Amino acid sequence: MSTFLRGFEAATTLRPRAVIAVLLLVTIGLAGLASHNELEVDLTAFSGGDSAVEVAMDRVREDVGDPTAIVQVILDVGVGNDVLSPDGFAAVAAAEQLVIDTLGEAIRTDGDGRPEVLSLRRAVEGAMAQQGLDPTTFDAAQLGVAAAGAVATNPQLAGLVSDDLDVTAGSARATVVLVPLDEALSEADRTEAAQRLQDAFAQDAGGVPSDVEVTVYSTGLFIAAQQDATQSELPLLLGLALLVVLAILWLGYRSVFDVLIAFAGLLLTVVWTFGLAALLGPAFLGWIGPLSQIVVIVPVLLVGLGVDFAVHLTARYREQRATGQPPAAAAGRALHTVGAALVLATAATAIGFGTTVSAPVQILADFGVIVAVGVVCAFTIMALLVPAARVVKDRDDEQTHEAASPHEQRSARWTQVPAQLANRTPWAGLVGAGVLVALSLLAATALEIEFDRDDFVTEGSDIADVLANQAELFGGGVTEATFVVIDGELTSPELATALDQAQAAAADIDGVRSIGGNPQITTQRAPDGTSAVVQLRTTAGDAGADRVRDELQTAFAPVVTAGADITVTSEPLVIAEMSSDLATFQTQAIAVTLAVVLLLLTGHYGLVRRRPLLGVFAMLPAMISASLVLGTMWLLGISFNMITALMTAIAIGIGVPYGIHIVNRFLEVLDDGDDDAIARTLRGMGGAMVGSALTTLGAFVVLAFSELPPIRSLGLLGGVSISYALLAAVLVQPGALVLWARWHHQRAPDHDDRGDERDLALAPEAAATGR
């Protein structure tokens, strides 16, 4: 590490302008790469693809059709009106014609080359025509009764009418026209077709009366809306985070130059990170997947973590200049002292995030890799830019001494209290923290696992209104369905009887949609009689998918008893399985992350200081923060999901640097033989730690402005985590270091080499004086 830092020192003090020029050139190159990043917001695209549920879902897409290839056109005539009437059918016919005229060959066709547009109007009028009846001669009552009768006898048609269907009166408020697109079309082409249709209805209703509300929806439109939300939020949140951090830095340093250097370093960090993400991504090396929704978090997180490097380097540089050291010497001293802690903190933080590479969900594995790369970029940039820029600025003014910043001046006062507590009652903080950690871990066992894709829809957006409209009219997504894939000899009488019993039992499950008392259940059998797919229209959404699956497995138990194999699958179940796997992984990841980082820190302090126990003390803020965050989630009723699962990695990433800075400064003070080591440690580090905590906190608070609820929760928990880590670093960790130093002082009072821990002030008589 010393050789590494000496190289940085030589470059920044001897050739500072060249260092700055190289940083700018690399940034320009990586900025060009960053434009090649791809964005994917369909969460099912990040699944592993090899589980039984996912394999079964692939079979369903092949046998039944891909639900993502369907465009829905919902016609709502309003409360108190009837779509199952001659006027309603006329509106539907006009909408169908506009669909055909707009999409043309993009629509899937039947064997005769006719568009396979599915609507209740077409089905009813087709059935009448087969019976030799002319639907135009029917009055409203007759047509309504005929339509209601068709719905009651055909579960497939039941999915095309709103939940308020009155079978007796033959009336309903809304209907939906399903437009299956050619499955040979790419996802981009499907989305473009849906957008084209949406624009067509917005510009020209094509004869649909103005009092009929027409809504166009597809999976592609849903994903496009998420992409737009992500792309629009990213620059907004990053800009706000930078402004907040700059304001806090100005209040702390009152130096335009220091603020601008930190600002420049943060911008370079974001550019480098996204440039390297593109290099690692599908466009080049293919080591990680495309960016996802949580890319919104990455720049804000890097701003929070990266500014920590700038704050500590600047604070130590100014401290050295205040003692009269010239710029080059002050920069070198900052790199050798704080720089060493930052190298260790960078390695520990990068490892903490890097352990997510084994996550069962690619979205999180890639997130960990990108943040780990970003942390290394942040250290590299700040460790070169901050000292180089200060040497360039101050070289011609070597006689001017730096004044202590407001943070540093105030820290001399407030740090007296935790220093006295550590000296007088060092066990108090440890015992109190231990109790809180135990209670938090106990509460964490009661955390619920919930995940709903609708949470990633921007509140108040057009797509949110569409989803709300679907829920109001149809009880949920129009095309939402749960499938039971059956493999067995379906020609056997026993199995056929069991299947009938299972479908009857399934009809009573809450979440299985029924119209007029008729469950929407259809069965599609393979020609050879060895398999079948039972399709149930459901309204449980992502949140209720697990419950519906469990009840369906119970309902289809007779089918299993009769000798067949069943697999319950659906798009929501794929998401639910990802969340469940994630919860299992997270428990393991916490243990693995803590173990790996602990091994790194104990190994470092064991090798450098022959005191491996210091590695445990350096981990205290991170371990306490990560534990208390879980308890806080339970207390606030925040569920465990794909986003909040990131909190433990973030808590460790935030907490570890605090612990390392305190331990390293404490050892440095001990080496100087100071009378009151812990007090001087807190005085020296207090201002920088508070400044770092406030800037990181400010960056996370910005996430509260996100329009996505999970991101807002992450911002709240991130702020809580920072607060816990800072409190643990100043109230708990000092007591542990005091006890450790006293133990070594009593054990080997006359030992005086590099591993010596002299602690005159930490002896009981010094504690009694409150020094």
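Predicted model: local features only at pLDDT ≥ 70, side-chain atom pairs only at ≥ 80, totals over all residues.
Residues are numbered from 1 along each chain as its sequence is written, and side-chain values use heavy atoms, with hydrogens and water left out.

The protein holds 27 helices and nine strands, these being DSSP runs numbered from the N terminus (helices H or I, at least four residues; strands E, at least two). Along its principal axes, the C-alpha trace spans about 110 × 55 × 45 Å. Of the 771 residues, 55% are buried, where buried means under 20% relative accessible area, exposed over 50%, and partly exposed in between (1.4 Å probe, protein chains only). Among contacts (heavy atoms within 4.5 Å) between residues at least 6 apart in sequence, 81% join residues at least 24 apart.

Helix α10 (residues 256-280) packs with helix α13 (residues 362-394) at an angle of about 145 degrees, and their axes are 8 Å apart; the axes are lines fitted to C-alpha atoms over the stretch in contact, and angles run from 0 to 180 degrees between N-to-C directions. The residues of this contact of α10 with α13 comprise 20 nonpolar, five polar and three charged, with Ala, Val, Leu, Ile, Met, Phe, Trp, Tyr, Cys and Pro counted as nonpolar, Asp, Glu, Lys and Arg as charged, and the others, Gly among them, as polar.

Side chains of opposite charge can pair when their charged atoms come close. With a salt bridge taken as a side-chain nitrogen of Lys or Arg within 4 Å of a carboxyl oxygen of Asp or Glu, the count comes to 24. One of these joins the side chains of R121 and E96 at 2.5 Å, N to O; because R121 lies in helix α5 (residues 120-130) and E96 in helix α4 (residues 86-103), the pair ties together parts that are 25 residues apart in sequence. Both R121 and E96 are buried.

A salt bridge is also formed by D671 and R609, whose closest N and O atoms are 2.4 Å apart, and this pair links distant parts of the chain, with D671 in helix α23 (residues 647-671) and R609 in helix α21 (residues 571-609), 62 residues apart. At 34% relative accessibility D671 counts as partly exposed, whereas R609, at 8%, counts as buried.
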